[in-house]
Amino acid sequence: MSSLARPLPHDAARLHVTGQARYVDDIPTPAGTLHLAFGLSEVAHGVLRGIDLSEVRNCPGVIDVLTAADLPFDNDVSPSAHDEPLLATDRVHYVGQPVFLVIADSHLTARRAARKGRIAIDPLPAILTVDQAMEANSRFEEGPRVYEKGDAKAAIADAMHRLTGTIEVGGQEHFYLEGQAAMALPQDGGDMVIHSSTQHPTEIQHKVAEAVGLPMHAVRVEMRRMGGGFGGKESQGNALAVACAIAARHTGRACKMRYDRDDDMVITGKRHDIRIDYDVGFDDAGRVAGVNFVHKLRCGWAMDLSLPVADRAMLHADNAYHLPTCRIESHRLKTNTQSATAFRGFGGPQGMVGIERVMDHIAHHLGLDPLAVRQVNYYSEAGGPSAPPPPPESISAKMKTEAVQTTPYFMEVEDFELHAITAQLADQAGYAARRAAVAAWNADNAVVKRGVALTPVKFGISFTLTHLNQAGALVHVYSDGSIQVNHGGTEMGQGLFQKMAQVADASFGCGIERIKVTATDTSKVPNTSATAASSGSDLNGMAVRAACEVIKARMAEGVAAYFGCDARDIRFVGGQVSDGAGREISFDEAAQRCYEARISLSSTGYYKTPKVAWDRIAGRGRPFYYFAYGAAMSEVAVDTLTGEYRILRSDIIHDVGASLNPAIDVGQIEGGFVQGAGWLTSEELVWNGDGRLRTHAPSTYKIPACGDRPDVFNVELWSEGRNREDTIYRSKAVGEPPFMLGISALMALSDAVAACGTGYPDLQAPATPERVLAAVNKVRRG
Amino acid sequence: MTKITMTVNGKSYSGEVEGRTLLVNFLRETLSLTGTHVGCDTSQCGACTVHVNGQNVKSCTMFAIEADGADVTTVEGIAAPDGTLSTVQQAFQDYHGLQCGFCTPGMIMTATKLLENNPKPTEHEVREYLEGNICRCTGYHNIVKAIMAASGQEVTPVAAAE
């Protein structure tokens with residue numbers, strides 16, 4: 001039996017629990033390794049007049065200090081628009097922007113010296129807020145992007161009911177436990193070997209090559225593991241790797257850089273915060289006739305990945321709901337703050353909060369159960385062999401007469417599973433009974449109010465930049481029967497390497513102990529996409545399987561020749577290779593015999609996602625190969641005197657298709673939910689009026705701690721899950737979708753606050769105790 | 001520079017340190033014991049947790065000089081000399097109590113100390129005890145489960161246990 005679909009522990013679990021697992025900062029360094037630190041701008045916007053570095057240079061242990069003028073080639077670390085200098089040139093654009101680079105004999109020496117630089121800046125007016133940016137028309141792209149389906153304005157005007165509102169949703173610091181880190185090892189001829197904590201080794205290779213004036217073939221990037229990524233290491237590691245390479249080229253010595261946590265939080269980009277205005281028309285059942293959204297995202301000073309992030313927010317403005325007419329207007333605002341970047345969900349969560357807020361608002365307005373309003377708006381169930389039919393009493397059954405429904409970007413929703421998932425979750429978690437119990441509790445208790453909410457997730461899977469949907473792998477079978485697997489994906493804790501080993505084992509039937517997945521390496525698999533968009537297993541799994549199947553076919557020929565049978569009869573099972581009629585040799589012996597028979601035991605594999613094609617300007621087409629689904633029900637208790645609250649219980653059913661590894665998938669769901677709930681509750685980023693981030697350490701920025709997760713937490717994989725598309729063993733991507741299950745916590749808080757009076761809570765996010773208290777007071781005023 | 005001596009994982013080490021050298025830097029850079037991680041630099045995340053004279057200490061908040069003469073245990077010293085994992089280590093592996101693994105050494109050290117002091121903690125006590133150790137990946141669910149299992153108490157079956 002192959003290891004596929006078994007709940008194996010993380011491949012490096014033993015190394016982690018014994019402290020042997022190496023991260024970039026743990027790699028033994030060559031003698032004479034130098035350490036780097038950036039000197040940072042203290043001004044949000046201004047003209048750079050001069051930099052006095054004399055005190056920096058005089059610090060004992062400082063080897064050299066570089067400014068933009070000292071850079072030999074390209075001064076850019078942007079992943080997109082070439083608008084992000086490594087070191088500031090004539091202007092500074094945010095508090096925390098790197099201005100000069102200190103090279104010293106220790107990490108501490110470099111950091112202490114960096115504080116002694118005197119940067120002369122003539123301040124300019126800074127654009128910090130959404131309102132300031134809108135007023136100044138400070139934006140990326142020529143104007144707002146607009147996606148439109150039907151005439152939403154007319155539909156809203158003609159609808160029986162109409163509501164308008166606004167929700168502001170804060171950004172989020174990644175807080176990967178391992179901060180950004182990189183090391184450059186100079187080679188002969190000027191070549192560079194780079195160790196970088198990055199989700200995107202190819203991007204590091206590309207930017208380093210540009211910075212040292214060499215072709216990409218002169219730069220090799222190796223990445224064994226990250227201590228967390230969450231999107232924060234898709235582009236934000238570029239600066240460190242490029243700085244190390246430039247300093248290594250300059251000094252001829254190995255150079256290493258890691259951001260101190262405070263520097264990391266001040267320098268690097270975060271999740272985009274967003275303001276969403278909505279205007280919705282609906283009928284007595286809460287069924288939406290039309291909705292108009294205006295998204296305003298603060299993108300920070302440089303473009304980075306903001307365009308596809310904002311696109312994905314638009315692409316998830318519908319979440320699970322069929323919107324007959326819809327208009328989404330998206331403003332990508334340029335502000336003098338950190339350049340907002342990728343973060344788990346990549347804009348999807350922001351878009352989804354908008355429509356979930358609309359559902360919550362409609363239900364409150366009509367006095368209906370919020371879940372009933374959600375269900376009446378669900379897309380039609382796909383039904384068929386992968387899903388049980390919806391229960392006959394379901395409202396959706398009446399809507400099944402409609403042809404395949406389309407999203408606001410005209411993609412047909414062919415694989416909708418949420419009627420069944422929702423029904424099962426509501427049943428298992430006791431939705432109806434617990435809503436009644438919460439109502440009874442709230443009638444009896446004046447101070448502590450409870451709330452409950454069940455919210456769905458439909459998340460589109462594929463890179464929206466279509467050409468990124470490709471992957472490669474390189475597999476070697478050695479003559480002793482051991483196997484080395486390499487692929488373009490990176491390991492950041494999500495268990496990708498173990499899943500890839502399981503995929504290889506499914507081909508060779510050799511036992512997972514024979515398989516080693518090695519560090520991601522740009523010299524083994526070239527031109528890779530970032531491990532992002534939840535795509536790691538989907539893309540790389542198919543590439544790994546393709547490579548394995550090539551070698552397996554060759555081995556079958558070789559063993560068939562040895563047995564004197566037909567290659568089609570050869571089977572690879574249980575560490576044996578057999579002819580199906582009684583003859584068998586061990587996999588190890590088969591490898592040795594194939595080697596001696598001069599059969600190639602190495603192959604690349606390649607995969608590109610079929611079916612995806614769309615026009616991101618028009619907002620039309622099929623950006624996604626398929627959708628991942630899930631639903632969460634959360635119950636909270638709010639102290640209405642202080643605004644403090646607890647999540648009492650969360651129940652989740654999530655669709656991962658046919659799981660490659662259920663233990664890893666459940667772990668992703670648990671972690672994603674808690675991180676998503678953190679985003680919408682306790683994690684608050686605060687900038688002061690000068691544009692300085694005041695929450696730059698865990699002392700002031702509150703990520704969920706052990707006591708913050710729900711008291712009762714039930715997570716289940718959807719038992720009917722099986723991808724309708726031909727993905728790797730019919731599994732589904734799992735990295736990002738569960739993050740948005742955390743929205744149930746925000747909606748449960750809204751429900752609890754609503755019990756305080758007659759007004760709508762209008763709860764903003766993150767729903768810190770302060771905001772909850774404000775909402776309580778608002779509701780009490782009516 | 002000051003000469004210090006300490007026992008780390010049962011072996012005696014000496015080294016020259018500056019007064020400002022933190023214990024974590026002495027362990028990582030002088031002794032090459034890189035299993036002790038620096039997560040937040042400010043003694044809040046707990047990735048640098050070690051045992052000093054039998055107490056949990058965040059080693060980024062203690063000077064190396066303060067540990068002169070002390071008995072220090074790091075995550076590298078938890079498994080048996082033959083490599084056999086401790087009960088806590090085995091449970092973290094089996095119950096999927098880790099993802100990226102960066103917080104894991106600190107979690108192992110804290111959990112080990114908890115079970116020394118309180119061999120059968122309630123789930124609530126586990127949560128309270130872990131307040132100083134941050135994990136960004138797992139949502140803590142399987143960490144708590146691993147510790148409950150390591151204490152010999154019944155936990156719901158976890159998929160990762162083979």
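What is the mean pLDDT of chain A, and what percentage of its residues reach 70 or more? The mean for chain A is 96, and 98% of its residues reach 70 or more.

**Figure 1. Confidence of the predicted model.** This is a predicted model, in which local features need pLDDT of at least 70 and side-chain atom pairs count only at pLDDT 80 or more, whereas totals for chains, interfaces and linings use all residues; side-chain values use heavy atoms, with hydrogens and water left out. Residues are numbered from 1 along each chain as its sequence is written, and chains are lettered from A and ligands numbered from 1 in the order in which they are written. The confidence value, pLDDT, is the predictor's confidence in each residue, from 0 to 100. Chain B averages 95 on this scale, with 96% of the residues scoring at least 70. The model as a whole has an ipTM of 0.97 and a pTM of 0.97. In chain A, pLDDT stays under 50 over residues 394-401, for which the model has twelve contacts (heavy atoms within 4.5 Å) beyond four places in sequence.

**Figure 2. The interface of chain A and chain B.** Here 59 residues of chain A are in contact with 47 residues of chain B. About 4,300 Å² is buried between the two chains, and carbon and sulfur atoms give 54% of that area. Buried area is the accessible area (1.4 Å probe) that two parts lose on being put together, summed over both. Six salt bridges cross this interface, a salt bridge being a side-chain nitrogen of Lys or Arg within 4 Å of a carboxyl oxygen of Asp or Glu.

**Figure 3. Polar pairs and the chain A side of the interface.** The side chains of B:Arg127 and A:Asp711 form a salt bridge, with an N to O distance of 3.6 Å. Between chain A and chain B, 25 residue pairs are in polar contact (both at pLDDT 80 or more). A polar contact is a pair of N or O atoms within 3.5 Å; within protein, one must be able to donate a hydrogen and the other to accept it, and residues adjacent in sequence count only if both atoms are side-chain atoms. The elements that give two or more residues to the side of chain A that touches chain B are α1 (13-18), α3 (107-114), α8 (261-267) and α18 (662-680) of chain A. Of these, α18(A) gives the most, with nine residues. Helices (H or I, at least four residues) and strands (E, at least two) are DSSP runs, numbered from the N terminus. By class, this side of chain A has 26 nonpolar, 17 polar and 16 charged residues; Ala, Val, Leu, Ile, Met, Phe, Trp, Tyr, Cys and Pro count as nonpolar, Asp, Glu, Lys and Arg as charged, and the others, Gly among them, as polar.

**Figure 4. The two domains of chain B.** Chain B is divided into domain 1 (2-77) and domain 2 (87-150), with bounds from an automatic or database domain assignment. Their C-alpha centres lie 21 Å apart. The two domains of chain B bury about 1,200 Å² between them, 59% of it on carbon and sulfur atoms. In domain 1 of chain B, B:His37, B:His51 and B:Val75 lose the most area to domain 2, together 38% of what that side buries. Across this interface there are zero salt bridges, while six residue pairs are in polar contact (both at pLDDT 80 or more).

**Figure 5. Backbone details in two loops of chain A.** The peptide bond from A:Ala765 to A:Pro766 is cis, with omega near 0°. A:Pro766 is found in the loop between α19 (743-754) and α20 (769-781) of chain A.
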